[in-house]
Amino acid sequence: MASSDSEIAKEFRFFRVYKDGRVELFEPDCEKIPPSDDPTTGVRSKDVVISPEPPVSARIFIPYEAQNPNQNKLPLLFYLRGGGFCRQSAFGPRYHNFCSVFSAQANAIVVSVEYGNFPDRPIPACYEDSWAALNWVASHVSGNGPEPWLNDHADFGKVLIGGASAGGNIAHTLAFRVGSIGLPCVKLAGVIMVHPFFGGTSPEEDATWLYMCPTNAGLQDPRLKPPAEDLARLGCERVLIFVAEKDFLKPVAMNYYEDLKKSGWKGTVELFETHGEGHSFYFDNLKCEKAVELINKFVSFVTQL
């Protein structure tokens with residue numbers, strides 16, 4: 001008979017749980033790469049510690065144009081990576097490369113947040129860490145925050161929140177908090193969600209999120225299934241939602257889009273669909289035609305501010 005420490009109690013898409021409580025992720029720890037000065041794009045990056053305990057950090061990207069003393073202040077994208085709430089890192093190649101390309105093309109600062117992953121930090125750590133990081137960004141409004149790049153170059157009248165997959169879900173929650181609580185002296189100009197996760201895709205996906213969030217409120221938890229009253233209080237003027245034709249998350253993103261339009265929210269929402277592609281396809285090759293189209297749309301949303 002197998003010992004209790006090797007018996008599987010539950011199995012989910014990204015991990016299994018043993019009867020002794022251990023959690024085993026199916027994928028190894030994400031490769032992490034250091035920040036750098038990119039000779040191709042001219043984008044510089046650095047890592048900052050936002051909070052030592054709980055551990056929250058970020059990678060900041062700043063474009064070449066910021067080095068021009070006559071350059072105006074730059075838009076700031078507060079970026080939330082994906083990973084199913086339990087995988088990936090803001091310091092991994094896929095997110096580093098995406099943020100670097102975006103920063104160069106949009107001539108914008110990016111603050112890419114490293115929030116806590118399950119199982120080390122169960123949900124709601126991802127939401128709380130991200131909210132703490134957003135408030136850390138806001139602490140630079142008066143020009144005397146801890147990070148000179150933000151003090152000197154960020155335009156706090158042009159702040160956006162962007163998120164991929166799980167990060168799209170977190171982006172919604174932050175926008176709701178901004179609309180409910182406020183973010184003093186910061187204008188949240190827009191929210192961008194790329195292939196976002198919300199509840200209702202399948203019982204298996206819902207069960208996974210509920211397990212990772214021990215303090216959940218069930219299938220109607222507003223972070224999993226945002227109600228109309230939460231949607232109506234998004235603290236931004238514009239929302240852009242990306243979907244992919246073959247993405248298993250497309251139905252919930254479409255539902256979010258339709259629900260937002262009917263919620264009474266006073267802003268404008270736009271939908272952009274990529275045909276023939278699946279979930280997070282663009283990370284495989286940022287230079288392929290459809291990835292370029294997605295990035296161009298992402299960039300134009302920012303440059304039109």
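How much space lies in the largest pocket? In this predicted model, the largest pocket holds about 450 Å³ of space, and the second largest pocket holds about 310 Å³. The structure also has one cavity of 30 Å³ or more.

**The largest pocket**

- The largest pocket, with about 450 Å³ of space, is lined by 22 residues, of which Lys32, Gln88, Glu114, Asn117 and Asp120 are the closest to its centre.
- When the lining of the largest pocket is sorted by class, nine residues are nonpolar, five are polar and eight are charged.

**The second largest pocket**

- The second largest pocket, with about 310 Å³ of space, has 23 lining residues, and those closest to its centre are Phe14, Gly84, Arg87, Ser165 and His279.
- Sorted by class, the lining of the second largest pocket is made up of ten nonpolar, eight polar and five charged residues.

**The cavity**

- The largest cavity has a volume of about 30 Å³, and the residues that line this cavity are Ser36, Asp38, Val43, Arg44, Ser45, Phe61, His96 and Ser100.
- Strand β4 (44-51) and helix α1 each supply at least two residues of the lining of the largest cavity, whose classes come to two nonpolar, four polar and two charged residues.

**Helices α1 and α8**

- Helix α1, which spans residues 93-106, packs against helix α8, residues 289-303, at an angle of about 50°, and the two axes are 10 Å apart.
- That angle makes α1 oblique to α8, and the crossing by which α1 passes α8 is right-handed.
- On the α1 side the contact is made by Phe98, Val101, Phe102, Gln105 and Ala106, while on the α8 side it is made by Ile295, Asn296, Phe298, Val299, Val302 and Thr303.
- Among the residues of this contact between α1 and α8, eight are nonpolar, three are polar and none is charged.

**Helices α2 and α4**

- The axes of helix α2 (residues 125-138) and helix α4 (residues 166-181) come within 10 Å of each other and cross at roughly 55°.
- Helices α2 and α4 are therefore oblique to each other, and their crossing is right-handed.
- From α2, the residues Cys126, Tyr127, Glu128, Ser130, Trp131 and Leu134 meet Asn169, Ile170, Thr173, Leu174, Arg177, Val178 and Ile181 from α4.
- By class, the contact of α2 with α4 consists of eight nonpolar, three polar and two charged residues; for the contact of α1 with α8, the division is eight nonpolar, three polar and no charged.

**Backbone details in the loops**

- The peptide bond that runs from Glu53 to Pro54 is cis, with omega near 0°, and Pro54 has its place in the loop between β4 and β5 (56-62).
- Another cis peptide bond joins Ile123 and Pro124, where omega is about 25°, and Pro124 belongs to the loop between β7 (109-114) and α2.
- Asn107, a residue other than glycine, has a positive phi value, near 50°, and Asn107 is placed in the loop between α1 and β7.

Technical notes
Residues are numbered from 1 along each chain as its sequence is written. This is a predicted model: local features need pLDDT of at least 70, side-chain atom pairs count only at pLDDT 80 or more; totals for chains, interfaces and linings use all residues. Side-chain values use heavy atoms; hydrogens and water are left out. Axes are lines fitted to C-alpha atoms, for helices over the stretch in contact, and angles run from 0 to 180 degrees between N-to-C directions. Helices (H or I, at least four residues) and strands (E, at least two) are DSSP runs, numbered from the N terminus. Angles under 35 degrees count as roughly parallel, over 145 as roughly antiparallel, 65 to 115 as roughly perpendicular and the rest as oblique. A crossing is left-handed if the near helix is turned anticlockwise from the far one by less than a right angle, and right-handed if clockwise. Contact means heavy atoms within 4.5 Å. Ala, Val, Leu, Ile, Met, Phe, Trp, Tyr, Cys and Pro count as nonpolar, Asp, Glu, Lys and Arg as charged, and the others, Gly among them, as polar. On a 1 Å grid over the protein atoms alone, a cavity is a set of points where a 1.4 Å probe fits but cannot get out, and a pocket is an open set with protein on both sides within 12 Å along at least five of seven lines; lining residues have an atom within 4 Å of a point. Grid points are joined across faces, edges and corners, and a volume is the space filled by probe spheres set on the points.
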